[in-house]
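Please walk me through this model in the viewer. Tell me what to select at each stop and what is there.

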Amino acid sequence: PGSDAHSVEQQQQQQRLGGAGWSGARQEAQGAKAAAGSVWGLRTVAMKGPASWSSSEVIREGELEKRSASLFQLWKKKAVVLSKDSLRLSSPEGGGKAKELRFGAIQKVDCVERTGKYVYFTIVTTDRREIDFRCPGESCWNASITLALIDFQNKRAVQDFRSRQGQAGDAPAASRDRRLARAP
């Protein structure tokens, strides 16, 4: 009886996701690109479910609640895909537009607060906007996002350092070449 309920739940989830499920939709997405505009560091992606997202390596998939920016600030469930370079949010039903929050536009994960049932946290963007989320206490989404963000920022810092080292290494050679060019 338990497995029948589980399979019914899986079938319902696949129907909500357009029949393909997360992994099937992700496989269809290989090489796909989405047109986007930017709002609060979020890119709006014209798509139906995760099938149109880029094929960046997925770290984690699941569900979060995002506080709306409206007057009533209601919590809305979002299907979430965490990859090495972004956090993608869409409606749990799978249709409509989705948002992609690229790690290059995130400054930090802040204000982690635990209550009995939920963990509340805020993502602060580079333009100082705040996006509030909550998740069940045992899901640890805040930690997963923080670790992925730190990994992204560390890799970017190493790339920046190496590019500066390469430019500094080229400068003495260019200076020597200019001196030799002027020599009689």
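**Stop 1: aromatic pairs**

This is a predicted model. Begin with the rings: the count of aromatic pairs comes to four. Select Phe121 and Phe133, which form a stacked aromatic pair, with 5.6 Å centre to centre and 20° between the planes. Phe121 belongs to strand S8 and Phe133 to strand S9, so this pair ties together parts that are 12 residues apart in sequence. Are these two rings, Phe121 and Phe133, buried or exposed? Both Phe121 and Phe133 are buried.

Next, select Trp75, Tyr118 and Tyr120. Ring pairs link Trp75, Tyr118 and Tyr120 into a cluster.

**Stop 2: the strands around S9**

Select residues 118-125 for S8 and residues 130-136 for S9. Seven bridges join S8 to S9, and the two strands run antiparallel. Within this pairing, Thr122 stands opposite Asp132 of S9. Four residues lie between the strands of the S8 and S9 hairpin. Stop at Arg128 in that hairpin: its phi is positive, near 65°.

Which residue of S9 is the bridge partner of Lys66? It is Phe133, the residue that stacks with Phe121.

**Stop 3: charges over rings**

The charged end of Arg134 sits over the ring of Tyr118, 4.2 Å from the ring centre. Tyr118 is also one of the cluster with Trp75 and Tyr120.

Then move to Arg60 and Trp141. Here the charged end of Arg60 sits over the Trp141 ring, 4.3 Å from its centre.

**Stop 4: salt bridges**

Side chains of opposite charge can pair when their charged atoms come close. In this model the count is 10 salt bridges. Select Arg67 and Asp132, whose side chains meet in a salt bridge of 3.4 Å, N to O. Arg67 is in strand S3 and Asp132 in strand S9, so the pair ties together parts that are 65 residues apart in sequence. How accessible are the partners? Arg67 has 28% relative accessibility, so it counts as partly exposed. Asp132 has 22%, and it also counts as partly exposed. Asp132 is the residue opposite Thr122 as well.

Jump to Lys108 and Asp110. They form a salt bridge, with the closest N and O atoms 3.6 Å apart. Lys108 is partly exposed at 38% relative accessibility, and Asp110 is partly exposed at 29%.

Now select Asp127 and Arg129. Their side chains meet in a salt bridge at 4.0 Å, N to O. Asp127 counts as partly exposed at 44% relative accessibility. Arg129 counts as partly exposed at 40%.

**Stop 5: a nonpolar patch**

Which residues make the nonpolar surface patch of about 410 Å²? Select Leu71, Phe72 and Leu74. Leu71 is in the loop between S3 and strand S4, residues 75-83. Why is Leu71 counted as exposed? Its relative accessibility is 77%, and the cut-off for exposed is over 50%.

Notes. Residues are numbered from 1 along each chain as its sequence is written. This is a predicted model: local features need pLDDT of at least 70, side-chain atom pairs count only at pLDDT 80 or more; totals for chains, interfaces and linings use all residues. Side-chain values use heavy atoms; hydrogens and water are left out. Two strands pair if DSSP finds at least two bridges between them. Rings of Phe, Tyr and Trp (its six-membered ring) pair if their centres lie within 6.5 Å; planes under 30 degrees apart count as stacked, over 60 as edge-to-face and the rest as tilted. Buried means under 20% relative accessible area, exposed over 50%, partly exposed in between (1.4 Å probe, protein chains only). A charge sits over a ring if NZ of Lys or CZ of Arg is within 6 Å of the ring centre and within 35 degrees of the ring normal. Patches are made of residues with over 30% relative accessible area and no salt bridge: like charges are joined within 9 Å, nonpolar side chains (Val, Leu, Ile, Met, Phe, Trp, Tyr) within 5 Å. Accessible areas come from the Shrake-Rupley method with a 1.4 Å probe; for residues, only the protein chains shown count as cover.
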